[in-house]
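Subject: Structure handover

Hello,

Here is the structure we talked about. Please open it first, then read my notes below.

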Amino acid sequence: MKLVTSPLQRLVLYLAGLILNLHSGLAHAHLGGGIDSIEADRKFLKGEIAQNSAQKKAAMTHAQYSVQEMVVDGVPVREYLSNSGVVFGIAWAGRHQVNFTPLLGSYRAEYETAFQAHRARYPLHHGLKSRSISSGNIQVEFGGHMGSMRGHAYVPSLMPPGVIASDIK
Amino acid sequence: MIVSYPGFILIGLLSLSLVGCSASSSVTEELGCKQSALQADPNPGAAASPVSGSNVMALTVNGSQCLSMSDPNSAVGPNSPCASVTVCPPGATSASDSNCQVISGLLVDTGSIGLRVFRSVIQANDTTNGTALFSHLTPVTYRGSTVAECVTYGDGSADWGPVANATVFMGGEAGVATPIQLIDAYYGGSGTNGWSICNSLAGGSSSNVVLDRCPTNIPASAPVSGTGLGYNGILGLGLYPNDSIYGYYYSCAGTSLSSSSGCGSAVSSITLSASQKTLQNPVSLLTDGNNNGLVLELPSVGNIGVSSANGYVVFGVSNQPNNTPTSVTTFPVDSNNSDNGFLQALVTLNGQNLPAFIDSGSTFYNIPLGSSTSGFVDCGGFHDDNSNGWSGFFCPTGDSNTFGSLTFSFLGFSGSHSLSVSLTLGNPMYFYNPLSANVFSDIASVESLAGSLSGSVDLGLPFYLGRNIYHGIYGSSSSLSSGPYWAF
């Protein structure tokens, strides 16, 4: 018996009893956008997804939000959509990092400025295993090691009541 | 400048002035390229018990196998396990064949797979030595086009470059034919192809994340800066036979390994034959039974560190007298490469189960700090600001020059294996001084993901100091176990 489950497995287990409906084909969205937002991004990531033959999509619903999942270059990426229709968080976990910056939407520039500041303080090198980056409106954390990378990004002001950062995983 | 921390204990006498030294207030900055030499009377070195045999490769932590501390362009950071290999054109039968090149200063990394050498250190046409390795390497191809790889790291950095066929000699072993990566941030040039793809995959930012050996190797016009590592490359000897588990591979519109012309605008993601065209773990390719794993042997270094530590990589597990343990506990490692916890084991820390892994390429321990690590706090809490650079590191409770113990049970991924392990951790501001010591067993950084994402316990290079650790590779077996496993 496995002593520990993967983050993905834990997520699936956690949400399994909460699924109200399951359907595919939800449009891609990004942080701060609605479910049908930003066609350009959708096309961009659709291209990424198309490169992965093992892609899958799943949708899960929670009392305060629903979750879309897609696979980008083999890495499951989940988007957290509030009941009012705003994406407030994204999360990923897999064997390598993913190109998540397009999913940051209008917060991307703010994040990248904060990343550069973080890098200036903690320069790039092989030993650092993760980064936790805060800016005015967005929190981004990512890290891991060969074969096991994960991360998430969220906008605290958009999170539904009762939802905490550790829910976004 | 050298920052004198409160209560700083300076071990040894400075023998030269330190004008212009870039030893900085942040340990992370220590890992970059220094601008001038550090000279001091160091603490004595430490050495493991001698091991000999054709299956032995010398390993030094900040010692003779590493890039020199006095090289202004490439000084290596603390806790750097280094080795040298000989890289030859494909088909070479001897390490002394023409056009072979000894590559020293390689980071020995049990947390990754395959040999990666910075393009800038491979000789293109060395008339002094008569070698021209670069022009004799051949590209790995996919449907006639060159292949390049992107590898992403946890800190948001990445390496990018073409994949070449080579023959690699390690220790006294026969050569192994394997693809290697030539790390070359400019392979394919700028624009919307090549390194820029890798740049975005790294997830860190829109620019400045693709690694090179040292800032001074980077052309002024290049969109990459400040990413020196202090290594000539990375020798990945981890628990898997190839790097297909995490490498991104691409085919380029091109036929050469040349930076400027090898990777044209048409770059597409591909899936390569894992057993042939992806980077191979060179240990897996060894003959005479040494292909089932390795032993990494390094000495203890005490609480205040040593200037360097000499040890060995011994190839094979339990197939020869020099790699057969007398008494070890063997820990199975997660071998399900379809889940997210791949190649991890488990520790129990104050009743909390956490994924864990052993990785010589990690500079220090990296451990979630929280309720399960009572007795320790973040060093940053002792100071008004973080200018001392030790924010984000473990300190024993109380701002004093003391050492604390962090005890946990190391478990295999499955089964009933368990071993109590106690780490000694101190407040590095009292003993960390790169002028006298570069090898430390008692420094832990804080895993920053642990707050709202699950963090892992990273047992980095310090864990190897004073332990002989046996590594069993996935798909192989020894009298200890089937791989993957760790045993110590």
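Predicted model: local features only at pLDDT ≥ 70, side-chain atom pairs only at ≥ 80, totals over all residues.

A charge counts as sitting over a ring if NZ of Lys or CZ of Arg is within 6 Å of the ring centre and within 35 degrees of the ring normal.

**Charges over rings**

The charged end of Arg467(B) sits over the ring of Phe463(B). The distance to the ring centre is 4.0 Å. Arg119(B) lies over the face of Phe134(B), and here the distance from the ring centre is 3.6 Å.

**The two chains**

Chain A has 169 residues, and 58% of them are buried. It holds three helices and seven strands. Along the sequence they run α-α-β-β-β-β-α-β-β-β. Take the contacts in chain A with a separation of 6 or more: residues 24 or more positions apart account for 48% of them. Chain A exposes about 6800 Å², with 57% supplied by carbon and sulfur atoms.

Chain B has 488 residues, of which 62% are buried. It contains four helices and 27 strands. Among its contacts between residues at least 6 apart in sequence, 68% join residues at least 24 apart. The accessible surface of chain B is about 15500 Å². Carbon and sulfur atoms hold 49% of that surface.

**Helix α3 of chain A**

This helix covers residues 108-121, which is 14 residues. From first C-alpha to last it reaches 20 Å, close to the 20 Å expected at 1.5 Å a residue.

Which residues of α3(A) are buried? They are Tyr111(A), Glu112(A), Ala114(A), Phe115(A), His118(A) and Arg119(A). These residues are on the same side of α3(A), because they cover an arc of only 165° around the axis. An α-helix has 3.6 residues a turn, so residues three or four places apart point the same way.

What do the buried residues of α3(A) pack against? Their partners are β5 (130-134) and β6 (139-145) of chain A. The face turned away from the buried side carries the exposed residues Ala109(A), Thr113(A) and Ala120(A).

**Aromatic rings**

The count over all chains comes to 21 aromatic pairs. One of them joins Trp92(A) and Phe100(A), and this pair is stacked. Their centres are 4.6 Å apart, with 20° between the planes. Both Trp92(A) and Phe100(A) are buried.

Chain B has an aromatic cluster to look at. Its members are Phe364(B), Trp390(B), Phe393(B), Phe403(B), Phe431(B), Tyr432(B) and Phe440(B).

**Backbone points to check**

Most residues other than glycine have a negative phi, and most peptide bonds are trans.

- Asn62(B) is not a glycine, yet has a positive phi of about 55°. It lies in the loop between β2 (56-61) and β3 (81-88) of chain B. With a relative accessible area of 11%, Asn62(B) is buried.
- Asn99(B) also is not a glycine and has a positive phi, of about 70°. Its place is the loop between β3 and β4 (101-109) of chain B. Asn99(B) counts as buried because its relative accessibility is 12%, under the 20% cut-off.
- Gly483(B) and Pro484(B) are joined by a cis peptide bond, with omega about 5°. Pro484(B) is found in the loop between β26 (468-472) and β27 (485-487) of chain B.

Best wishes

Conventions: Residues numbered from 1 in each chain as written. Chains lettered and ligands numbered in written order. Heavy atoms only, no water. Helix = DSSP H or I, 4+ residues; strand = E, 2+ residues; numbered from the N terminus. Expected span 1.5 Å × (residues − 1). Buried < 20%, exposed > 50% of the residue type's maximum accessible area, 1.4 Å probe, protein only. Arc of directions from axis to C-beta. Contact = heavy atoms within 4.5 Å. Phe/Tyr/Trp six-rings, centres within 6.5 Å; stacked < 30°, edge-to-face > 60°. Areas by Shrake-Rupley, 256 points an atom, 1.4 Å probe, with all protein chains shown as cover.
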